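Hi there,

Here is the structure I promised to pass on. Have a look at it first, and then read on for what turned up.

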Amino acid sequence: MTISAVILAGGEGRRMQGLDKGLVIFDGKKMIQWTVDRVKPLVEKTMISCNRNIGDYMVLADSVVCDRIAGSLGPLAGVHAAMESASAPLLLVLPCDTPLLKASLIQRLIECALEHCDSIVCLEDGEYSHPLHAVIPLSLKQSLEDYLIGGGRSVVKWYAMHQVIRLKVSSEESVTLANINRPSDIEMHKA
């Protein structure tokens with residue numbers, strides 16, 4: 001079974017002083033490039049979901065998708081746009097702001113999803129769920145569209161409507177899930 005991937009870079013960057021997080025330089029590369037480089041060998045197609053700086057993102061992945069449902073609907077709108085363009089039956093979803101994420105953890109997530117291909121699979125770190133580090137079956141596209149059109153925005157609430165498998169991560173792996181949300185986080189998390 002094949003898998004497509006979308007890296008979510010559609011946020012407004014409020015905590016990053018309005019900068020487009022995916023394009024901020026982290027440890028010598030654009031932050032999103034770290035994730036793209038790790039994902040590309042593992043999937044059939046890489047997409048970036050963004051709503052600004054489209055030209056900058058086009059050169060980094062196989063394609064770029066933009067929200068197809070009007071309004072600022074959050075990350076699920078980016079997932080929906082990717083589902084509209086994906087050809088594989090499973091969609092790997094990752095945020096652009098976790099550049100420390102290891103390919104081995106992404107591979108574990110994919111392997112778990114292939115074993116549970118009718119369920120949403122996301123990472124869980126102790127008591128914290130990481131719903132935007134997930135694999136979602138394309139068969140849920142209509143459910144997601146209906147949810148968004150009906151006013152839903154919460155990733156967790158939409159997941160609760162479906163079968164969800166939570167893949168536990170080790171304490172060593174959890175460090176790689178650190179979000180780089182603010183300029184101060186860049187220095188704190190450099191390798």
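**Around His116**

Leaving aside neighbours within four places in sequence, His116 is in contact with Val121 and Ile165. Please keep in mind that this is a predicted model. His116 itself is placed in the loop between α4 (103-115) and β7. Is His116 buried, exposed or partly exposed? With a relative accessible area of 30%, His116 is partly exposed, because buried would require under 20% and exposed over 50%. His116 and Pro137 are 21 residues apart in sequence, and their C-alpha atoms are 9.6 Å apart in space.

**The sheet**

Next, the strands. Seven of them make up an open sheet with mixed pairing, and the order is β5-β4-β1-β6-β8-β7-β9. At the edges are β5 (63-65) and β9 (164-168), each of which pairs on one side only. From one strand to the next, the twist averages 30°.

**The cores**

The largest nonpolar core has 28 residues, and those touching the most other members are Val79, Met83, Leu91, Ile136, Trp158 and Tyr159. Two or more residues each come from β1 (3-8), α3 (75-85), β6 (90-95), β7 (120-125), β8 (128-137), α5 (141-149) and α6 (155-159). Which element gives the most to this core? That is α3, with six residues. Apart from this core lies another one, of 20 residues, including Ala5, Val135, Leu167 and Leu177.

**Trp158 and Tyr159**

Beyond its neighbours within four places in sequence, Trp158 is in contact with Leu76, Ile120, Ile136, Leu140, Ser143, Leu144 and Tyr147. The count of aromatic pairs comes to one. In that pair, the ring centres of Trp158 and Tyr159 are 5.9 Å apart and the planes are at 55°, so the pair is tilted; edge-to-face would need planes over 60 degrees apart.

**A charge over a ring**

One last item for your viewer: the charged end of Lys29 sits over the ring of Trp34, 4.1 Å from the ring's centre.

Note on methods
Residues numbered from 1 in each chain as written. Predicted model: local features only at pLDDT ≥ 70, side-chain atom pairs only at ≥ 80, totals over all residues. Heavy atoms only, no water. Core = buried A, V, L, I, M, F, W, Y, C linked by side-chain atoms within 4.5 Å. Buried < 20%, exposed > 50% of the residue type's maximum accessible area, 1.4 Å probe, protein only. Helix = DSSP H or I, 4+ residues; strand = E, 2+ residues; numbered from the N terminus. Contact = heavy atoms within 4.5 Å. Phe/Tyr/Trp six-rings, centres within 6.5 Å; stacked < 30°, edge-to-face > 60°. Lys NZ or Arg CZ within 6 Å of the ring centre and 35° of its normal. Pairing = 2+ DSSP bridges. Axes fitted to C-alpha atoms, helices over the stretch in contact; angles between N-to-C directions.
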